[in-house]
Amino acid sequence: MISADLSEQMLRQAVGRSPLRVRADASALPVADAQVAVIAAIDMLLFPAETARVLGPDGVLLWINQLGEDGPLCLPADDVAAALPGQWHAVEARAGWGSWAVLRRRV
């Protein structure tokens, strides 16, 4: 698992929970094309082209809105799927006051 964040402070909070922490901009991840199996995006901006670029052919995007519709960065799964290049299948569910979605490319 790799935790990436532009904020050094956020990366420090991941110490002990993530073995590898990288300071990086999500709009230009330091990862080769199609090399990531899972991206967990928790309350963050969506970078659709970059997400699609780094995910492998069978890759999965976990889109998590911890505060659900009350969160400033909340996007419904259908909006996330529509923003990603290509065709994507999304399954969305609620958990407490938040929501989460699993998105995969359609084949």
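Reader: Where is the place of A34?

Author: A34 is in the loop between β2 (20-23) and β3 (36-42). Helices (H or I, at least four residues) and strands (E, at least two) are DSSP runs, numbered from the N terminus. This is a predicted model: local features need pLDDT of at least 70, side-chain atom pairs count only at pLDDT 80 or more, and totals for chains, interfaces and linings use all residues. Residues are numbered from 1 along each chain as its sequence is written, and side-chain values use heavy atoms, with hydrogens and water left out.

Reader: What is phi of A34?

Author: Start with the general idea. Most residues other than glycine have a negative phi. A34 is not a glycine, yet its phi is positive, near 55°. D43 is another such case, with a positive phi of about 45°. D43 lies in the loop between β3 and α2.

Reader: Next, E50. Where is E50 found, and is E50 buried or exposed?

Author: E50 belongs to helix α2 (residues 48-54). E50 has a relative accessible area of 11%, so this residue counts as buried.

Reader: Which polar contact joins the side chain of E50 to another side chain?

Author: A polar contact is a pair of N or O atoms within 3.5 Å; within protein, one must be able to donate a hydrogen and the other to accept it, and residues adjacent in sequence count only if both atoms are side-chain atoms. The side chains of E50 and R53 make one, at 2.7 Å. A polar atom of the E50 side chain also lies 2.7 Å from the backbone nitrogen of L29.

Reader: Which residues does E50 touch, not counting those up to four places away in sequence?

Author: Contact means heavy atoms within 4.5 Å. By that test, and with those sequence neighbours left out, E50 touches A26, S27, A28 and L29.

Reader: On to the core. How many residues has the largest nonpolar core?

Author: In soluble globular proteins, nonpolar side chains tend to be buried together. A nonpolar core is a set of buried Ala, Val, Leu, Ile, Met, Phe, Trp, Tyr and Cys residues joined through side-chain atoms within 4.5 Å. Here the largest one has 16 residues, and L61, W63, V80, W88 and L103 have the most contacts inside it. Two or more residues each come from β3, α2, β4 (55-65), α3 (77-83) and β6 (98-105).

Reader: What is W63 in contact with, leaving aside its neighbours within four places in sequence?

Author: The list includes M44, L73, V80, W100 and L103.

Reader: Which order do the strands of the open sheet have?

Author: Strands of a sheet pair through backbone hydrogen bonds, either parallel or antiparallel. Two strands count as paired if DSSP finds at least two bridges between them. This open sheet has four strands in the order β3-β4-β6-β5, with mixed pairing. β3 and β5 (88-95) are the edges: each has a single partner strand, so one side of each has no neighbour in the sheet.

Reader: In which sense do β5 and β6 pair?

Author: β5 and β6 pair in the antiparallel sense, over eight bridges. Follow two of the positions. V91 is opposite V102 in β6, and A95 is opposite G98.

Reader: How do β1 and β2 run?

Author: They run parallel, joined by four bridges. Across this pair, D5 stands opposite R23 in β2.

Reader: Where does L6 lie?

Author: L6 is in the loop between β1 (2-5) and α1 (8-13). L6 is partly exposed, because its relative accessibility is 49%. L6 and A26 are 20 residues apart in sequence, but 7.6 Å apart in space, C-alpha to C-alpha.

Reader: And S18: is S18 buried or exposed?

Author: S18 is buried, because its relative accessible area is 3%. S18 is found in the loop between α1 and β2. Residues up to four places away in sequence aside, S18 touches M1, I2 and S3.

Note on methods. Buried means under 20% relative accessible area, exposed over 50%, partly exposed in between (1.4 Å probe, protein chains only).
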